[in-house]
Amino acid sequence: MTVSVPTANAAFLLDESGAILTWNTACERLLMLPADRAIGCSLTKLLAAETPAAAARADNIAPMTVPPASDPAAADVAANAIADTRAVQAALDDPAMRWRGLAADHGRTNKLALRRGDGGTVLAELALSPQYDAGGVIQSWIAAIDNVHDDSTPESVLVGRTPLAAVVDVLPGTFYAINRAGRFVLWNRNHERITELMPEEVEATSAVELFDLKTRPLIADSIRRVFETGEEVVIEVDVLGRSGRETPMLLCGSRVDCNGGRYLFGMGLDITQRRAHEQALRLRERALHAASNGIVITAIDGNDCPIEYVNPAFERISGYRAEDVIGRDSRFMAAPGMDGNERARVRDAIAARRPVNVVFRNMRKNGELFWNDLSITPVLDEHGKTSHFIGIIMDVTATKQRTAHLEHEVNHDALTGLANRNLLWDRLEQSLHLAQRQKSLVATVLIDLNNFKTINDSHGHEAGDVVLKVVAKRLLASVRDSDTVARLSGDEFVLVLVNQPSLRFTVRMIERLRQGLTQPVSFMHKEIAVGASLGVSVYPHDGHTAAELVRSADVAMYHAKATGRNEIYFFSSDMKSTTDARQQLDAGMSQAIEKGELFMLYQPCIDARTGTVQSFEALLRWRHPERGVLLPSAFLLEAEENGRIVQFGAWVLDQACAFLRELKELGVTGVPVSVNVSAREYMQQDFVANIAKRLAQHGLSPDSLQIELREEALIRNPGQVRDLAAQLRELGLTLSVDEFGHGMSDLGFLRELSVGQLKLSKQAVHAIAEDEDTREGNVMARTLIDIGHNLKMPVIGEAVETRSQMEFLKAHGCEGLQGAWLGEPMEAEAARELVRDRMPA
């Protein structure tokens, strides 16, 4: 609040010695002293014995003692100080000296304590103005008393009397006064700092000169409006310093009447930080508007989250305009009855004020469903309390559809549309789990078409494809929706019949199915006879696992096929009896290592781009004393069952490490060897530890060895494979998946395992035809390669036997090629020579 204090107009005349010559009425009222008593008195008689300034000085003079004689210099200094103090006090006590002091300071206002006639005192400011005669000699003095106050004077009055000059330099911004000509007549030190001008330069500068040419008309017009209309002006502009530095300022000004003139009094605040903050906010806002993903900002209102902001991407994705959704709760786009678990996760996260990421379905404005990958993050206010949520919306509908399409291709037969081997194993495992809980029967039926090769040879492959499609449709029509029909291989089909109430029910169902299969198929106005042999196994009588049931059904099917008729055979215990040949094989395996009958071959994997050897695959062979050289398929299944696979695997690892050490001694590095391992091997507790031990014994780095698992091993033991992959990754070994596309893999599981490379299944490679536009096998191979690359995993084409297969795989981006066309498996010496011959001289 501003308080206006009227001037007292108390003034009197003094002679050259300080005696009072005149005394006006205002002086009489102020000091309660009539003129007849005041005239003739010395001014010093009106002064209290101690002025406020003198009191302050006296308070600051500490008692002084003279140091001891041991320190003469200090004693002299102290004595001089005491003498000076006494001289000052004497001057204050001597009226003549006091008057001379006041007269000498006549250019300044003196703050004094004046005596009143009633014995009291008042505080006031006394100004002395000398009066000269024609010769320039002081003839008299005019004394004026102002700013009179005492202890009862309000604080607002005292503050209101503070001179402007005492205030402007402590203001946080700039202060200035401009005359009608636009020149500065008053300013503070902040004004000098911002403009980088000296005081004399400020005085000579016009206000508009502190701005660039584009801004000067605005400044001139603002000054004009202030003077002509009395308008208060507030503008944001950049002030130019002498160095050319621009300082953003918030300037304001108003007209003030002062001593008959008009001036523009104004202030300015440096808004550099605010401007930077605003620019950052604008940048963030532009980023929000430019984002390709939808962004939603919601407040928190109890259990609701009303929307406060959406960006253009949200409008594009949802079909709603911003004005349609502002203020609405963010759940209004939920698809009714869908994705309940995901929505519950969102509710729980919002209630707990924590982040969450879910993928669920929402509805666009037109009612269309879309898949929304939603990430929600809480926003904290200055007190650390959640005040808002930010939601990032990503429309992943196309990705979901593409993934579903790829998964369908991976899990379904391209020709018939039936489940393939991948999906078969999954469905069969699920059926067994359900049957175990419900104590029900599951029938597995393996169907092999009779004389299918004759159909292809007689009528052509196109006719064979038509037969397979018709058979697939008939099989689907013969079973319930809960059952599964799969194509296992070329002319083999598998049915999984769940929840069978009795064997009699199963027999009747399969008999109807067989009768439907025997109906001829029409092709090109011809009737093609179709027959099939069926083998059946039933859970839990004939096996407890998917592999056991399929194996039992396969045995039963071969017995049915041996009859040469369209027969149905149920598996029996007689079919399970071990043959003499199998017993002999088992006996021979027990001594194969001791007798040195096992040996290793190494097949090169060729870099598809450079044509150089990029790795070897270690392949086991058995030189049987009676049956000759046996491939792994002839004895490893039996070894897996009887447990000898563990000994064989350890021996293979030793041989592979010795081969790698020999390559290292030749100076060959960067050519790893992959070793196939079975579930029985990696289930051993010390499997990875033994690998590390062998690598250390042979002085090999972990990246020189690759561990290879068949795809079906991932499916059957996902938990153990996950643990194995983590241990191998920690050791630094690469995990390779063999026969990719032969089983049914969870793509997310492959990514989780950090698989180093994928080897296409032999079936997928062999299905590649020379004319890639007319064969379904080409589509499957290309799809598998694309899946591998989408997972960012190198893909190896294995079992390449023809030039067309090689060229197809190279053309579709396979990183490596392996097979008889590129190099047969070879002994260690030949493998060493192969890589040594290609080393630079």
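C814 counts as buried, at 5% relative accessibility. The model described here is predicted. The sulfur of C814 lies 9.6 Å from the closest cysteine sulfur, which belongs to C605, and that is too far for a bond, because a disulfide needs two cysteine sulfur atoms within 2.5 Å. The structure holds zero disulfides. Another cysteine, C41, is partly exposed. The two accessibility values are set out below.

| Residue | Relative accessible area | Class |
|---|---|---|
| C814 | 5% | buried |
| C41 | 29% | partly exposed |

The next topic is the space inside the protein. The count of cavities of 30 Å³ or more comes to two. The largest cavity holds about 270 Å³ of space. Its lining is made up of 22 residues, and those closest to the centre are Y176, I178, F211, I219 and L251. Several elements give two or more residues to this lining: strands β5 (174-178), β7 (233-240) and β8 (246-258), together with helices α9 (189-195) and α11 (216-229). By residue type, the lining of the largest cavity has 17 nonpolar residues, five polar ones and no charged ones.

One of these lining elements, β5, also takes part in a hairpin with β6. Strand β6 covers residues 184-187, and β5 pairs with β6 in the antiparallel sense over three bridges. I178, one of the residues closest to the centre of the largest cavity, has F184 in β6 as its bridge partner. Five residues stand between the two strands of the hairpin, where G182 takes a positive phi near 85°.

Notes: Residues numbered from 1 in each chain as written. Predicted model: local features only at pLDDT ≥ 70, side-chain atom pairs only at ≥ 80, totals over all residues. Heavy atoms only, no water. Buried < 20%, exposed > 50% of the residue type's maximum accessible area, 1.4 Å probe, protein only. 1 Å grid on protein atoms, 1.4 Å probe; cavity = no way out; pocket = protein on both sides within 12 Å on 5 of 7 lines; lining within 4 Å. Points joined across faces, edges and corners; volume = space filled by probe spheres on them. Helix = DSSP H or I, 4+ residues; strand = E, 2+ residues; numbered from the N terminus. Nonpolar A, V, L, I, M, F, W, Y, C, P; charged D, E, K, R; others polar. Pairing = 2+ DSSP bridges.
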